[in-house]
Amino acid sequence: MFKAHSLDKVKFKQSVEENVKTLFRKTVQEADEQQIFQAVCYAVKDTIIDQWMNTQEAYEKKDPKTVYYLSMEFLMGRALGNNLINLLEYDDVREALSEMGIDLNMVEDQEPDAALGNGGLGRLAACFLDSLATLGYSAYGCGIRYRYGMFKQQIRNGYQMEIPDDWLRDGNPFELRRREYKKEVKFGGYVRVETDKSGRNHFIQDGYQSVMAIPYDMPIVGYGNGIVNTLRIWDAEPVESFHLDSFDKGDYKKAVEQDNLARNIVEVLYPNDNHYAGKELRLKQQYFFISASVQEAVAKYMRKHDDIRHFADKNVFQLNDTHPTVAIPELMRVLMDDYNLTWDEAWDVTTHTCAYTNHTIMSEALEKWPIELFSRLLPRVYQIVEEINRRFCLRIAEKYPSNQEKIKNMAVIYDGQVRMAYLAICAGFSVNGVAALHTDILKKEELKDFYEMMPQKFNNKTNGITQRRFLLHANPLLASWVTEHVGPDWITDLPKIKGIAVYADDEKTQSEFMNIKFRNKERLAQYILDHNHIVVDPRSIFDVQVKRLHEYKRQLLNILHVMYLYNKIKANPDLDFYPRTFIFGAKAAAGYLTAKLTIKLINSVAEVINNDASIGGKLKVVFIEDYKVSNAELIFAAADVSEQISTASKEASGTGNMKFMLNGALTLGTMDGANVEMAEEVGKDNMFIFGMSAEEVIGFERNGGYNPMDIFNHDQEIRDVLTQLINGFYAKDDPDRFRDLYNSLLNTHSTSKADRYFILKDFRSYIEAQEEVEKQYRDTALWAKKAILNVASVGKFSSDRTIQEYVDDIWHLDKVTINSKTTML
C-alpha cells in the first residue's frame, strides 16, 4: 500500500491560509464557507498534482495499453472527500482543519455535485474510473464538460421543475484547462473528392461550421497506490469568438453566432429531443466529444509511435452504450483522411480498437438517427457509415442467401434510419451485457440475429460499484465496524467482507449493527427535516426507492401500494401496523410527461397522508428533491428496505441495488437485472422476491393473454386504489389530473397497450411481499441477521471485480505501479 508521508499539519494549515489570502484577499477568519472549501481543495490539489505527474511519467516510460472509456455521462459526485480517502489522508486533514476551527463536513458540503451525469450509466462510469485507478491501469474517461448538467430539480406544488444546475458558478478547483490539446470539430457542409497522381481519392469536407474542443482534465485518484488517472471532459469554444466587423455594422446576432454555436453544445446533458432541434443538438454533442477524443487519442499515440496501423496494440475504446458509437466511423475517418490508410487497413485498426457495452434490453431505447439529419450534420462520417453498411449487408447476404428478413433485422441503415447499436455490434470486437440475465435476453431476444451470426463477440460483465465511496466514505460508522471485525483489506478486495458472516447470529454484533443503522436513519431524518420540513421517525421502517424515474422501474407500483396501505389503515384505525416511511427520489426527463405526472402523484399522496393526524404517524411519504450522489450516500446508509421492483426482463442490471446491499438494506424486488445474481450470492431467503419472472413477462408480450381489466373487476382493494386516481381523492381541485396514469393501466380511451409494465399483474404479489417485510422486521434479531448476511455477501458486486474482468477478457491492459516520493503538505 502506497501512502504519501504523514501529513505535515503545519504546512497544510499554512497552505490553506495562503490560498485564502491569494485567492480571495482574506484571512481564514474573514473567509466564507465556499472560500474555505476552495482553499482546502487547492491545498489538497498540490499533492494530487505531484502524484498525477508521477503517474504520467510512469506511463510515458512503460507505454502501457490505455483504455478510453467514452461516455455521455460521468456522475462523479463530490470530489474532495473521495480524493482525501483515496490519498489516505481523510482523518489527518480532518484533524488539521479541526485545529483551525474548521469542520471538514461543513467544507465538503460546500462542494456542488459535478453535473456531468444523471443516472446509473453515469455513476457506473464514475465507479469504473475509480477502480481503474485503484487497480493501476492506464485509463482516460472522455466526456463533455456540461455547464448546467441535465437540470437541478425543484419540487413546486408537487410538480418537478427543471432549473439550470450552475455547478461551475464558483469554479471547479480540481480541474485543469489543457488548451494545448485543443481540437477542431466540424459540422455540416459537403464533401468534395480530389484524386492524386496515383489514382487515390481524397475526401475533403468544405463549407462546414466548426467549434474548438478544449479539454479540461480532472484527477481520478487511485486508493493508496499513487496512481492518478484522468477524466477528460471537453468544453466548446468558437474558432473565432467575436466578429467585430459584423458588430460594427449593427449585425449583433451574427457577431456572436460562433460563440452561441459552441455554447449550445455544452450547455446541458440530454437536451429534450421531442423536437427536431433537440435531436440535432444531441447528435452534435455526441460527435463533438467523440471527434475530439478520437483525434487526441490518435495524436497522443503518434507522439510516441510512428506506425498508426498498430494503434490497437496500445489503445482500446470502450463505448458506454450507443451514445459514443460515432467513434467507429470517426476513427475510420481520421485513419483514412488524416493518415492515408486504405479502407481495409483502417477497418482492421477500428475493429480491433472498439468494444461496445449494451445497457438496455428495450429495443425502443436503442439509438437511431434519421438519415436526413445524420448525413446533413456529419456528411463525411455518413459516407463511411454507408460503406460500412454496404459491406456488412454483403456479409449478411453471403451467410444467409436470399434472406431479406436478416438484412431488415441487422442492417446498420434501414427504413431511413442509422441504427447505432447495430453499427457498434457490426464493428466492435466485443459486445457485452451488464448482468447475466440481461446478456442472456440480448442473445435470445433483442440481438438474437447478431448473436447467431457472431457469437464470439458476446459476453457478460455484471456491473459493480466502488465500496470506497459507497461504504468507506458514505457510511463511516459501518465501515469502521466492518474493519474492526475483518480488517481493512475489504477496501480494495471486497470479497474479504464475507468474514463478517460468522457474526450474523451473535446477539451483541446484531445490536451493534442495528444501532449503526439507527444512527444513520437519524442522520437522514435530520436531512429530511431540514430539506422537506417533514418529521419522520427513525424507528419506522425506511422503505426506499431512489433511481431515475421510468415506467419500467415502476415507481407507480410503489405509490399505488402506499395508497392501498393508507386505505387499510383508514378502514381499520386499530390495525396493528408497524410504522413505515416511504422515501422516493427520482428525476424525470424534461419531456417525459408520464414520469413527471408520477412525481406529482407521489407528492400529492404524501400531502394527504403526512397531514392526516388520524393515522397517528403510521405512514409517512417523502420525496427527496434533486436526487444526486451526495444525498444518495445518506440514503443508502439509512435504508431498511431497498425497492428494486422493475418489470422482470426490463432492467439491464441496476447498481443502486448493490449500494443498498452494501449498506445492509434488504432487497424487495423482482428477479430482474443483477437482483438475480444478488439472490444467488445471499440466498432468496434473505431477500423479498415477488412478481412474474422474465420468461413469464416475455411470454405475455409475445403471446398476449393478459387483460388488466380482469384484475380491476375481481380485486376490490386494487379497484378502490385505481378509482382514487380519477375521483379527486388526491386531486380535489382537478379530479382528472391523474387520469392519464389510470388510462395507462386500464387502456381506457387509449390506443396504447394496457398496463405495459404489468403493474396490476404483480400488484397482489407485491402486497404479499410487503406484508412479509413487516412481519420479519418485527423480529429484530432475524432482521439484523439477514442485514449482516447481505453486507457479507456483497463481495462480487465491486466495480474492482468488474474492471478486472474487462481487463482479462476485453481490454488486455498492463498493470502499472508507482514508486512515488510524494509528500503530503
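Q: Which helices and strands each supply at least two residues of the lining of the second largest pocket?
A: The structure is a predicted model, in which local features need pLDDT of at least 70 and side-chain atom pairs count only at pLDDT 80 or more, while totals for chains, interfaces and linings use all residues. On a 1 Å grid over the protein atoms alone, a pocket is an open set of points with protein on both sides within 12 Å along at least five of seven lines, and lining residues have an atom within 4 Å of a point. Helices (H or I, at least four residues) and strands (E, at least two) are DSSP runs, numbered from the N terminus. By these rules, the elements that each give at least two lining residues are α2 (33–62), β1 (66–70), β2 (139–144), β10 (228–238) and α10 (276–302).

Q: What volume does the second largest pocket have?
A: Grid points are joined across faces, edges and corners, and a volume is the space filled by probe spheres set on the points. For the second largest pocket this comes to about 570 Å³.

Q: Which of the residues that line the second largest pocket are closest to its centre?
A: Helix α2 gives the most to this lining, with six residues. Of the 29 lining residues, the closest to the centre are Q56, Y59, E60, Y140 and K300.

Q: Which residues touch the most other members of the largest nonpolar core?
A: Residues are numbered from 1 along each chain as its sequence is written, and side-chain values use heavy atoms, with hydrogens and water left out. A nonpolar core is a set of buried Ala, Val, Leu, Ile, Met, Phe, Trp, Tyr and Cys residues joined through side-chain atoms within 4.5 Å, where buried means under 20% relative accessible area, exposed over 50% and partly exposed in between (1.4 Å probe, protein chains only). In the largest such core, of 158 residues, those that touch the most other members are F12, L80, V107, L560, L722 and L760.

Q: In which helix does D762, the salt-bridge partner of R554, lie?
A: The closest N and O atoms of R554 and D762 are 2.9 Å apart, and both residues are buried. R554 lies in the loop between β18 and α23, so the pair ties together parts 208 residues apart in sequence, the D762 side being helix α32.

Q: Which residues lining the largest cavity are closest to its centre?
A: A cavity is a set of grid points where a 1.4 Å probe fits but cannot get out. About 320 Å³ of space lies in the largest cavity, and the largest share of its lining, four residues, comes from β9. Of the 26 residues in that lining, the closest to the centre are M76, G77, R78, A79 and R469.

Technical notes
Salt bridge = Lys/Arg side-chain N within 4 Å of Asp/Glu carboxyl O.
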